[in-house]
Amino acid sequence: MIVHGHRISLALGLLMAPCIGFAQQLDNTQIMTTLGQVKAAAPAVDVALLVEEANANVGNGVATLPNWNKLSQLSQLIVEIDFENNSIAIEPKSYRTVGLIADALHHPDLFRYKFLIVGHSSATGTAKRNLELSQKRADAINEALSTTFAVSPDRLFSVGAGEEWPIDPGHPESADNRRVQLINLGLLK
């Protein structure tokens, strides 16, 4: 069986904002700077409601839903993570990137924050399968951060969005749409 890598992006900062960074030269300073841009009045996000809405809107998009729209107001940065084809297995070469993210999450400036990992897919395959795969990939990043890199699981949440929230809506089958976002949800309580 031949294994192909999928380009996956991990977003951690202000989606669609001028400070979005792309991961070609990703470093810890870039992650810290972007994730440190937390608004004092960030909206509260109910992760269980996001999951419910994603499952109820398969094939209809989630970006315009009020709870999903809140995510665009939170800190995020786009980086690249590769998974094996049609799999949740993170490619070994991507563990360096996941490690950089973990290092940033362990930094004292970010240690008091919680994060949402949002899995995404392109529009290849069925919308239902893409939603399931995106949830499993978000869970895989969550697990890698919490087990391999010892980020407290109390600080990490995950949800799949499938193909419902594309980064490139004009090209729904583009590899750019296969990504994972890490979004700063604000202070732990």
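At 34% relative accessibility, Glu 132 counts as partly exposed, a class lying between buried (under 20% relative accessible area) and exposed (over 50%), as computed with a 1.4 Å probe on protein chains only. The model is predicted, so that local features need pLDDT of at least 70 and side-chain atom pairs count only at pLDDT 80 or more, whereas totals for chains, interfaces and linings use all residues. Residues are numbered from 1 along each chain as its sequence is written, and side-chain values use heavy atoms, with hydrogens and water left out.

Glu 132 pairs with Lys 128 in a salt bridge, with 3.3 Å between the closest N and O atoms. The term requires a side-chain nitrogen of Lys or Arg within 4 Å of a carboxyl oxygen of Asp or Glu, and the count by this rule is 1 salt bridge. Both partners belong to helix H5 (residues 127-148), where they sit 4 residues apart, about one turn of the helix. Helices here are DSSP runs (H or I, at least four residues), numbered from the N terminus. Lys 128 counts as exposed because its relative accessibility is 55%.

Val 98, in helix H4 (residues 95-106), is buried because its relative accessible area is 1%. Beyond its neighbours within four places in sequence, Val 98 is in contact (heavy atoms within 4.5 Å) with Ile 81, Ile 141, Ala 144, Leu 145 and Phe 149. The C-alpha atoms of Val 98 and Phe 149 are 8.5 Å apart, with the two residues 51 positions apart along the chain.

Asn 67, in helix H3 (residues 66-69), also counts as buried, at 14% relative accessibility.

Note on methods: Helix = DSSP H or I, 4+ residues; strand = E, 2+ residues; numbered from the N terminus.
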